[in-house]
Amino acid sequence: MIIRKLTAKDIDAFWELRLQALRGFPEAFGSSYEEELHKSEASRKDRFLNSYIFPDPISFVLGAFDGEKLVGMVGFRQDARIKTRHKGTVWGMFVMQEYHHKGVGKALFMELLDVARDLDWLEQIQLAVVSNNKSAIGLYELFGFKIWGEEPRALKIAGTYYDEYYMNLMLNEWDS
């Protein structure tokens, strides 16, 4: 298993995996499969290049590769504004189901934290996770993330509501 930052050449693999994640686990993401599917290829390319992987290093996506196949990913974005650049956000964490419980998510997250803690000004990392995703919550807690808030009915999918927990990690408290 290779973990590395995605580059422009990974755009097709990224969108294929992202759409698979949105379709298979709609409650885990704020974006929807239908919304993403109907965006133009140019729009998706622009967002990938100019929001997800650039400007590097404050915005990046890590990918887990089994050979040439992208099997997992996690995104990170550090706020660039002076007053809030001490905070970063984890987004889009996903591992293909056949790779669950094989250490892929843990490896992705360890690499994310290793890269993020070397960023200038970064002091804390935050994320949101649907409250019934016990395996994701357990992974985040393993790295020291703590729940600091809950948003009831954060997502509504086909008439069903999902609550979200907000979690954060103070990097000066993280023991790698």
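Colleague: What covers the buried residues of helix 3?

Modeller: This is a predicted model, in which local features need pLDDT of at least 70, side-chain atom pairs count only at pLDDT 80 or more, and totals for chains, interfaces and linings use all residues. Residues are numbered from 1 along each chain as its sequence is written, and side-chain values use heavy atoms, with hydrogens and water left out. Helices (H or I, at least four residues) and strands (E, at least two) are DSSP runs numbered from the N terminus. By contact (heavy atoms within 4.5 Å), the cover includes helix 1 (11-24), helix 2 (33-37), strand 2 (59-66) and strand 4 (87-95).

Colleague: Which residues of helix 3 are buried?

Modeller: Buried means under 20% relative accessible area, with a 1.4 Å probe and protein chains only. Within helix 3, residues 41-52, that applies to Arg44, Arg47, Phe48, Leu49 and Tyr52.

Colleague: What pattern does the protein chain follow along the sequence?

Modeller: The protein chain has five helices and seven strands. Read in sequence order, they give β-α-α-α-β-β-β-α-β-α-β-β.

Colleague: What radius of gyration does the protein chain have?

Modeller: The radius is taken over C-alpha atoms, and the globule rule is 2.2 Å times the number of residues to the power 0.38. For 176 residues, a compact globule would have a radius of gyration near 16 Å, and the protein chain agrees with this at 16 Å.

Colleague: What share of the contacts with a separation of 6 or more comes from residues 24 or more positions apart?

Modeller: Buried residues make up 43% of the 176 in the protein chain. Among contacts with a separation of 6 or more, residues 24 or more positions apart account for 60%.

Methods
Buried < 20%, exposed > 50% of the residue type's maximum accessible area, 1.4 Å probe, protein only.
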